Each structure stands twice: as C-alpha cells, then as structure tokens.
2 protein chains.
Amino acid sequence: MTQMSEARAGRITPEMEIVARQEKMDIELLRTRMAKGEIIIPKNRNHDKVRPTGVGTGLRTKTNANIGTSEGRSSLEEELIKARTAVDAGIDAIMDLSTGGDLMESLQAIIDEVDVVIGTVPIYPTAVMTIREKGALVHMDPEHLFSIIEQQAKMGVDFFTVHCGVTLNTIERLKQQGRLMDIVSRGGSFLTTWMLANKKENPLFEQYDRLLDICREYDVTLSLGDGLRPGALADATDRAQIQELITLGELTQRAWDRDVQVMIEGPGHVPLNEIHTNMQIQKKLCMNAPFYVLGPLVTDVAPGYDHITSAIGGAIAGAAGADFLCYVIPGEHLRLPGLDEVHQGVIAARIAAHAADIAKGVPGAIEWDHAMSKARKELDWETQLNLAIDPVNARRIRKEAPPQEDDVCTMCGEYCAVKIVQEALGNNK
Amino acid sequence: MTQMSEARAGRITPEMEIVARQEKMDIELLRTRMAKGEIIIPKNRNHDKVRPTGVGTGLRTKTNANIGTSEGRSSLEEELIKARTAVDAGIDAIMDLSTGGDLMESLQAIIDEVDVVIGTVPIYPTAVMTIREKGALVHMDPEHLFSIIEQQAKMGVDFFTVHCGVTLNTIERLKQQGRLMDIVSRGGSFLTTWMLANKKENPLFEQYDRLLDICREYDVTLSLGDGLRPGALADATDRAQIQELITLGELTQRAWDRDVQVMIEGPGHVPLNEIHTNMQIQKKLCMNAPFYVLGPLVTDVAPGYDHITSAIGGAIAGAAGADFLCYVIPGEHLRLPGLDEVHQGVIAARIAAHAADIAKGVPGAIEWDHAMSKARKELDWETQLNLAIDPVNARRIRKEAPPQEDDVCTMCGEYCAVKIVQEALGNNK
C-alpha cells in the first residue's frame, strides 16, 4: 500500500493527518487531491524518522537542497554539515548527489543525519561505480542500475529522480531541432551517452514497470526527471523539452495506475516571459501532477548570483503553479558549494517560495508579512529580528551599524518616516 | 528649450543621437516617443559631463543607486567611494539622499565624482536644514524649499523626486481606509507632517507651476514621487496609493504642457500577483510616462535579503513595463549600506533589469545570454568569466575551488554533463 492507494481507498493515513494540520487544509480535500495525484507525500515506508511533507496543489511551496560528496573535492563530514545547515535554514528536502567516496555509506549517513525528505538520482552511483570498475560509462549494466534502485529503496529514500523521458525519440527531436547547450542534466547525459553508444533504449523507460514495482513496494515517489531541460535561455521551451514532457505525462498515468506517487521535474534556464507557459503546459500534459523546478534561471549571464536569477524564476514559477523549488547556489555554474553558499541558496529559495505562496493565497503565508509589518510600524526591533526569514543574519547586519536611537535604524536615523508619520498622523487621525 | 520641446519641434538633439545609437532604436521612433513623453533623457542643461541616458518604452531598463551622508553615520569620502562603486558595478543613475554634514557640498562632490544621471529629493536638505536651524520640521518655509530646488537645478541635478501627489485629498483617502504602515516615504512623511501641523496644502502641489518654471529652465526631469507608496504588502494597491497616482497623472499632463520631462515613481511593497496590475494602472493613468519603481519587494519578511525580494519584484515589474529600477540593498530595513551592500544592490538590480529586458525583447539583451551559453558549451572559461555580470566575483568564486581538470568546474568534475554529451552527441549527430 502507498499513500496514494490509501487515499484512493478513502483511508486517512497518519501522514495525511499531519500534513493537513500543518497546511490548514481540510483533510478530505487533501485526500481527494492525493487520490487524483495532485498532492504527494514523499515518504518511503522504511523511512520512519522523516517529517511527513506534502507537495502539490494548495500546499505551501516546498524547497530542496542538493548536497553530496564529489571525487576528491569534498568530504562526507563536510556534506553532513551542509545537510544540517540546509535543515537549520528551513529546507524541506535534501537530495544526495554524491559522486565521491563510498556512495552507499554517504547516503546512509545523510539519511541518518536529518529528518527531512530524502531524494537521490540512482543513475549517479551506477555511473560512478561503472566508470570506476569498468573504465567507461558505456559499459553500464541496466541490472546494476536496478540493483542500486532496489538498494536505495530499502535504505529509505523518499524519492528517485529518474530520467525516464530521455528516449531515443526525444534525443532524435533534440538532434532535429539543434540546441545551443544540448543536454545539461547529468543523469540525462549519462543515459544519452550509454544509449547512443549501445544503440539501445533507455532502460528506465523500457523497464518502467519494473521501476514501478520497486516504488510501489516501498512507496518511493517518482520524480520524473527532465533530462532534456534547457541549460540556456536559447534552448527553452523547445521541441526536445516538450517531447520529453509528453512522455512524462504518459509515464505519470502509468505510475498512477499502479498507485505510485509522481512529481515532474522542470527547467532550467527559461526567459521570464516563458515561465507561465512552461508551468501551464506541464500541469496540462501531466494532469496536475506536482511540479518540481530547478530554477528557472531567468538569465544565463550571472554566474556567482544564480541564487538570485533562480529566485526570480522560482517565485514566478511558484505563483504560476510550481509546487517544489530546488535551490540554486550563487556559484552554481562555477563550483561545488561551500557552507555559506548552501545557506544562501536555501534562503533565496525560501524567499521565492514564500513570495509565490502569498500570490497563491496559501493559508498562513501573508500573515507572516503582516506580523512583520506590524512590528515594523511599532518600531519593535526585537520582534522584527525574530520574524526575519534569517534572524541570525538580520541581527548581525543591524548590530554592525547600531543606530544612535534605539527605536530607528541607521538608514534614516532621526528622519525615520515611520516615526515621523506616527507622530503626525497619530495626533491627527 | 528642453529635450521634450526639441523632440516636439521635430529636432534631433545630440543626446537623442547618442541614446538611439546605444539602444539600437530608430532615431525617429525615439524622437516621436520623446515628444509623447514615453521616453525621457534626464539631463540638466548645466550637467555637461553626464552620459546621456534614455529611460522609457523600448529602451534598456535602467537602474539607480541611492547614496548619501547621514547624521553622524557616514562621511562624504565614504559616500564618494560608494558612488564610484555603484558606477563601476554598472549603475545608470545615482540619487544623493544626504542628510548629514554640508548638504550642498556633498551634492556637488557627488556630481563631480561620477558621470551618470544624478537625482535628488529637495525636500530632504530643506527638512534637515529646517530642523537644524528652527528645531522642528513644522517650521519649514516653502520659500526655502523652492530656493533649494533652484539652487540644485543650477548645480546640474538631472531629476528631482518631488512628492507633489501628497495632497490633503490623498492623506484623507489614507485616513479613510486606514493602513498598516501608513507612510514610509521619507519625503512623504516630511510633507505630511508639515501639512497636518500647518493645516496647509502641499507647496509642491500648490505651487506646481513654479516648480515647472524651474524644471523647464534647466531641463530638470520631474520624478513624481510616490509619497503614499505601500510600505507593507498589506497596504499595496490601496485607495491612497491609487488616488496619488491619479493626481500624478494630472500633474504629468501639466508638465508635458510646459515641455517638462516626467517620470512616475512607484511602489514599494507589493504581492507578486499584484505587480502586473500596478504597472498597467500606472501606464494608463499617467499616459505611458516612464515608470521608476523602488522594488517592488514581494515579501516583508526578508530583511537582510531585500536585494533578492526586490530583484524578484523588479524583474516582474520591468517585464510588465517598468522602465527604471531603484536598487534595494540587502539590509534595506536594517541600516545604511556599507560598500559591499552597494555593490550587491547594484548587481541584483541589474540582474532584474536584464531579465526584464529579455522578456521585453530589448535589442541586444538576450544576445548576451547566448554568448555566455556558447562559451559554456565550449567550456571556454575565460570567456564565461569575462561575460559574467560581475566578472571579478565570478573569477573569485571559481578560483576558490579550482577544478582538477581545466575544462570543467568542481560542481560535476569529470562527470560534467556538457563534456560528456559533447563527446556522445558530437560523434553521433
């Protein structure tokens, strides 16, 4: 039984109760939306300690942080601190993208470290181990991939990113139209390389039912990855991307037929004026399955500031229906993140998600802003600092330039508009 | 003669030629739009060294940085470094909001320091000097205000922010509806205080023709300030704000009747889903006069990250028609900016403006992104770093975590999707 099968059978699980309460959503509405696939609760049946978290229509927009060891560049210990940093900064999910060291050990350590939703990309360890053992990716054995999937499901992974839509057909569409950046998804690139070299179909597509069997057994949510996501504004909303989305829509239906929970992954690099279209076409082609976006980044030219370029896109996407935002770190196109970049990335994603939630009218969203503005009006600095999305940083900034008068800040000092008007209007209202 | 009167007389000024060339706009189209008031070139006839910069329909979205001394908190020397920092980071205009030290001296120093468009808020020095000399703002003499305006016009200020729309009528609308934050505009608060205490109309409204005389003589652009701009999401798009905008529309027409160039200032704090409406209502009520927005900030809860909250709002506003974005520093609601915050604020505003320009189809905008993505595809790091919106920062980030192989970055290392796919697709295309 999965959360979806329970919802369809009319049964309320403890996880649904927690999510409904957290989100101030009527439990029957939640259950109905879960039965239709519009809401998921990604929680592996072997992952007891995870906080149940809902993703989808009418719920708070969630955020994910990518972490993971890499060959020679980062230690497991560092990655665990990153995981903790992300959770402390308010992240809802963590994806382990490790490619260095003992990959199963690092995944286990991350699962043990935090209590948020955990996602992986099973093709990563498969590809890395293949290259280590056989010297080249083209020697990858699909059986090995499925054994990794099974192993990770047993370990308690809550969702798998699987690029099932990277098929010989979608690759042909890419070749026909041509692209500036071709494929920028790592998983997509691994599969494409293997498929073209071996002249074979994507095993995750060909053996999709086998994947569904595993997901059904452990209630692992499928995150149908966008291996053809645009990696440049020039490639956004092209035929390869939309072809993949059509395939993902069909695969969504097949998963739902087996009561497997699904979300869809989305772009990527997209011009601001194409974001709304991207959200709508996903929701239509994939029957309102939750949408998980990486960005979108609204410009290619700001390496070092991609937490901002993606916060712009993420906020717009969220307001237009995206349900789950993957953080993007400032130096996304430059290097693996350090600790501070993880923190920056999480806060930027949460700002985007919250701005979207206000626009979507998510219960409780704008009330936070009202409480902040009330404290601001009352020149109640302690409450303002406590309510800040990053209280530690807000406190640090204020402390670095302490005002001469306690009730204002150094921006305006004694010429504080709020203070002046309070006196003027207060006496005249 | 003003740029507007010249445009209306069918004459092309050297400034129009420069702007048309920079912006790749047909000179006759530019002149026509200037004649209609849809495009301005804010350039005081006494300000020879300023780079001519156009603002309005079809042009690149421009950015402004606020700097200025404050009572006891910052020195003129520091502010000059800030001005230089902002210009080096690519700002198009600087507003001097000084309230500390010798205010005319600091304005002159800033004018001398940089070659970008200079704006001021004449009510600031008037209020500060009044408080210094007479002990309270309520003793402000409108004659003093107009003498400051005249003095600054002679000094070469290119645009004045004047809160002419803060009238007894708009204040009454504010009182009738009630607001969470009342007035957060400093100029608006000075005027409101003076008006309520003295039971008199706003002198900038009452003696508007006198203001127009000065602007016409020196070709100073009026930036009709939004004294009633919302300072909280709760107050956005309310009756006070729209009432002021109606008044500004009428004042725009009166300025145009005298060939005085005008732009309109806008919010402020606005929920993401109300930004488009705000842009459209401004353009309608003010007959497509250029729109200069402060933000908008899409949430109140992120002090310390308001360069991000405003980059989200600014990008959306720009795409929906805003022409000029005022930067917002990270610690906007916490303190006066330090040097690094000025830099951060400028870059965030430029990212927002550029994302908007891509959406608006401004000539040359997306070509920058295409060049970056081409370099990315070719793993040409030197070109990528040079094309970055902040090359120094991009170079620093990459240098801090140098990859083992020159052609990739540490994010993916040897598993670089771009590299892998190039080999796979390159051989099979």
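## A buried glutamate in chain B

B:Glu201 sits in the loop of chain B that runs between helix H9 (186–198) and helix H10 (203–206). Keep in mind that this is a predicted model. B:Glu201 is buried but makes no salt bridge. Its nearest side chain of opposite charge belongs to B:Arg173, and that one is 10 Å away.

## A buried arginine facing chain A

Over in helix H16 (residues 365–377) of chain B you'll find B:Arg376. This one is also buried without a salt bridge, and the nearest side chain of opposite charge is A:Asp306, 4.9 Å away. The cut-off for a salt bridge is 4 Å from nitrogen to carboxyl oxygen, so a pair has to come within that to count.

A polar atom of the B:Arg376 side chain lies 3.3 Å from the backbone oxygen of A:Asp300. Not counting residues up to four places away in sequence, B:Arg376 touches A:Met181, A:His269, A:Asp300, A:Pro303 and A:His333 in chain A, along with B:Gln384 and B:Val418 in chain B.

## Where the two chains meet

Zooming out to the interface, 100 residues of chain B are in contact with 100 residues of chain A. Together the two chains bury about 8700 Å², with 68% of that on carbon and sulfur atoms.

On the polar side, there are 20 residue pairs in polar contact between chain B and chain A, counting pairs with both residues at pLDDT 80 or more. Helix H15 (residues 339–360) of chain B gives the most to the side of chain B that touches chain A, namely ten residues. The interface also has four salt bridges.

## One bridge across the interface

## Bridges within chain B

By the same rule, the count over all chains comes to 52 salt bridges. One within chain B joins the side chains of B:Arg84 and B:Glu113 at 3.7 Å, N to O. This pair links distant parts of the chain, with B:Arg84 in helix H4 and B:Glu113 in helix H5 (residues 103–113), 29 residues apart. B:Arg84 is partly exposed, at a relative accessible area of 32%, and B:Glu113 is partly exposed at 30% relative accessibility.

Another salt bridge brings together the side chains of B:Arg395 and B:Glu382, this time at 3.2 Å. Here too the pair links distant parts of the chain: B:Arg395 is in helix H18 and B:Glu382 in helix H17 (residues 381–387), 13 residues apart. Both ends land in the partly exposed class, B:Arg395 with 30% relative accessibility and B:Glu382 with a relative accessible area of 44%.

## A glycine in a loop

B:Gly90 lies in the chain B loop between helix H4 (76–88) and strand E4 (93–96). Why does B:Gly90 count as partly exposed? Because its relative accessibility is 26%.

The C-alpha atoms of B:Gly90 and B:Ile347 are separated by 7.8 Å, although the two residues are 257 residues apart along the chain. Apart from neighbours within four places in sequence, B:Gly90 is in contact with B:Thr63, B:Val346 and B:Arg350.

## Two domains in chain A

Chain A is assigned domain 1 (3–360) and domain 2 (365–425). Their centres, taken over C-alpha atoms, are 38 Å apart. Seven residues of domain 1 are in contact with six of domain 2.

The two domains bury about 590 Å² between them, 70% of it on carbon and sulfur atoms. A:Arg350, A:His354 and A:Ile358 supply 65% of the area that domain 1 buries against domain 2, more than any other three residues. Between these domains there are zero salt bridges, but two residue pairs are in polar contact, both at pLDDT 80 or more.

Terms used. Residues are numbered from 1 along each chain as its sequence is written. Chains are lettered from A and ligands numbered from 1 in the order in which they are written. Side-chain values use heavy atoms; hydrogens and water are left out. Helices (H or I, at least four residues) and strands (E, at least two) are DSSP runs, numbered from the N terminus. Buried means under 20% relative accessible area, exposed over 50%, partly exposed in between (1.4 Å probe, protein chains only). Lys and Arg count as positive and Asp and Glu as negative; His and the chain ends are not counted. A polar contact is a pair of N or O atoms within 3.5 Å; within protein, one must be able to donate a hydrogen and the other to accept it, and residues adjacent in sequence count only if both atoms are side-chain atoms. Contact means heavy atoms within 4.5 Å. Domain bounds come from an automatic or database domain assignment. Buried area is the accessible area (1.4 Å probe) that two parts lose on being put together, summed over both.
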